[in-house]
Amino acid sequence: MSMLRTCHLLVLMLCVSAIEDFDWTKNDHGSFYYGVFPTGFSWGAGGSAYQTEGAWNVDGKGMSIWDAFAHKKGKIFLNDTGDFSCEGYHKVKDDISLMKDMNLKHYRFSISWPRILPTGIKNENINEKGIRYYDDLINKLLENKITPIVTLYHWDLPQILEEKYRGWQNASMVNLFNDFANLCFERFGNRVRHWITFNNPWSIAVEGYETGEHAPGLKLRGVGAYKAAHHIIKAHAKVWHTYDTQWRNKQKGLVGISLSGDWGEPVDISNQRDIEAAERYVQFYMGWFATPLFNGDYPQVMKDYIGRKSAQQGLGASRLPVFTAQEKSYIRGTCDFLGIGHFTTRYITQKNYPSGRGNSYFTDRDLAELVDPRWPDPGSEWLYSVPWGFRRLLNFVKKQYGNPMIYVTENGVSEKMMCTDLCDDWRMQYFKDYINEMLKAIKDGVNIKAYTAWSLLDKFEWDEGYSERFGLYYVDFRDKNKPRYPKASVQYYKSIISSNGFPNQRELESWKGKAIETCSSSNQLLAAGKSNTSHYSEELGGAKTKTNCYFIQSLTGILFVLPLQLEDCPRKIRNLQES
């Protein structure tokens, strides 16, 4: 134990000394890099329980906060729910055959807490049918030589715990989550070697308890997100220690966390105020969770800014909770690997928000987020393609946290459209560019071990319902059987996996041709069935078109539905701000 603690302190010293090493003024975009990934690099894809399983009330499953939230009118686009979603609960064998065909080395999925503990409490009721479902999934993955990477919490808290305790606002969740995790280690740990405690706790905290956009839909501005995050960090640490003391010697596994992190680039890299604002953006986003796990406490800039604004508001203490000395020691070093989910980048500049404007996580940061209108935008209003930001983020993590072992747990792009053309050239370009920036980061010395394309299937996209599609495979949600059709990006990603990177220009040019053949066949199959988008035209008062192809863009609460010519379907969505 003393040797382990010495290692943790050494990591801390490395982190502290390395913080100054990141050069904000150097942003070398560079040209495309031809090369391959290290031997043993793991390629995979992912999904999550609520987004893909369906079967929301089947075989003894309890209700989750997302079941309850989605069933409230007006919370989800078009009042969609995840009740059936991809019907993954009933299609394990089919979906694993898709993974095997792509030669995936790992599959990332989450365990639904209320599916195995309907009331959320271990000593009340263990649902053995839920246990059997995950047993079957894990066993079939291993039979097909696909490594399971298992997330314990991907946002679907048992609804009973929200009603009884107010969910992550209550410190009782730390022990309850640890009990759930311990049950998972007990039942599945002899076959699972990679555990992720939480997926994107930033969204859990901010969108669940600050803005109310996500379940449970609370708007506790300026306090709710910080309190939820505080309990989540302590819950993660407790689960790590439980695994470390009770299971690690037997099961030889790893416990990490998956943090989302958009990159923040200074608007002016010669302006110190912009540089400080950009670092603040990253620290308030990823550093909020990573810094306690590696260094034992919140980023100093968070403590300074939130503390100062709290004092200006006449509060007796900071709205950011405080870790005790014992808690700092307990939390520090509880990360065997760092999962990173990354999608996009923002330009950041200094912007002062007077404390009189009220409490808010967003105003606490004193910054403004900007985008370059030249960045490709396939439709999701938040997701612009900025590949070089990925390399910047990975190098920042290397310098900030002592070059931890990194698993890229989410990276991908959506299109906000309903269209029968599956030739997703923008997704192929996104994967090519972002994966290449990751390869450059490895060349820079960043310790990246795995990449997870997000996502295997089109699925329920939280408050956006089914209006956004991240999948490599298209899912026809209007067909009760939820058939899957490969998009062009399936073949393209498969080529990257087969070559373990980008061997030469000639091979890359041939990949696109093969991918187009795949989507052409899929289009013919899909076109032979029912139209899957005409209901959007009818429900929103649009006129039917023979193409059944729509791009959907939401701007300032206004929904635009634009019928397009079929040949325009794969094009990138135009910025509709001028419409």
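Helix 9 (201-209) is largely enclosed by the rest of the structure, because 9 of its 9 residues are buried. Buried here means under 20% relative accessible area, exposed means over 50%, and partly exposed lies in between (1.4 Å probe, protein chains only). The buried residues of helix 9 include Trp202, Ile204, Val206, Glu207 and Tyr209. Helices (H or I, at least four residues) and strands (E, at least two) are DSSP runs, numbered from the N terminus.

The model is predicted: local features need pLDDT of at least 70, side-chain atom pairs count only at pLDDT 80 or more, and totals for chains, interfaces and linings use all residues. Residues are numbered from 1 along each chain as its sequence is written, and side-chain values use heavy atoms, with hydrogens and water left out.

The loop between helix 9 and helix 10 (224-246) contains Lys219 and Pro216. Pro216 is joined to Ala215 by a cis peptide bond, with omega about 5°. Lys219 is exposed, with a relative accessible area of 55%. Together with Lys72, Lys75 and Arg221, Lys219 forms a positive surface patch. Patch residues have over 30% relative accessible area and no salt bridge, and like charges are joined within 9 Å. A salt bridge is a side-chain nitrogen of Lys or Arg within 4 Å of a carboxyl oxygen of Asp or Glu.

Strand 13 (residues 448-453) is mostly covered, as 5 of its 6 residues are buried. Strand 2 (residues 42-46) pairs with strand 13 in the parallel sense over 4 bridges; pairing requires at least two bridges found by DSSP. Within this pairing, Trp43 has Tyr451 of strand 13 as its bridge partner. Strand 11 (residues 406-411) also runs parallel to strand 13 and is joined to it by 4 bridges. Ile406 stands opposite Ile448 in strand 13.

A cis peptide bond also joins Trp454 and Ser455, with omega about 10°. Ser455 lies in the loop between strand 13 and strand 14 (473-475).

Two residues other than glycine with positive phi are set out below.

Conventions. Patches are made of residues with over 30% relative accessible area and no salt bridge: like charges are joined within 9 Å, nonpolar side chains (Val, Leu, Ile, Met, Phe, Trp, Tyr) within 5 Å. Accessible areas come from the Shrake-Rupley method with a 1.4 Å probe; for residues, only the protein chains shown count as cover. Lys and Arg count as positive and Asp and Glu as negative; His and the chain ends are not counted. The place of a charge is taken as NZ of Lys, CZ of Arg, CG of Asp or CD of Glu.
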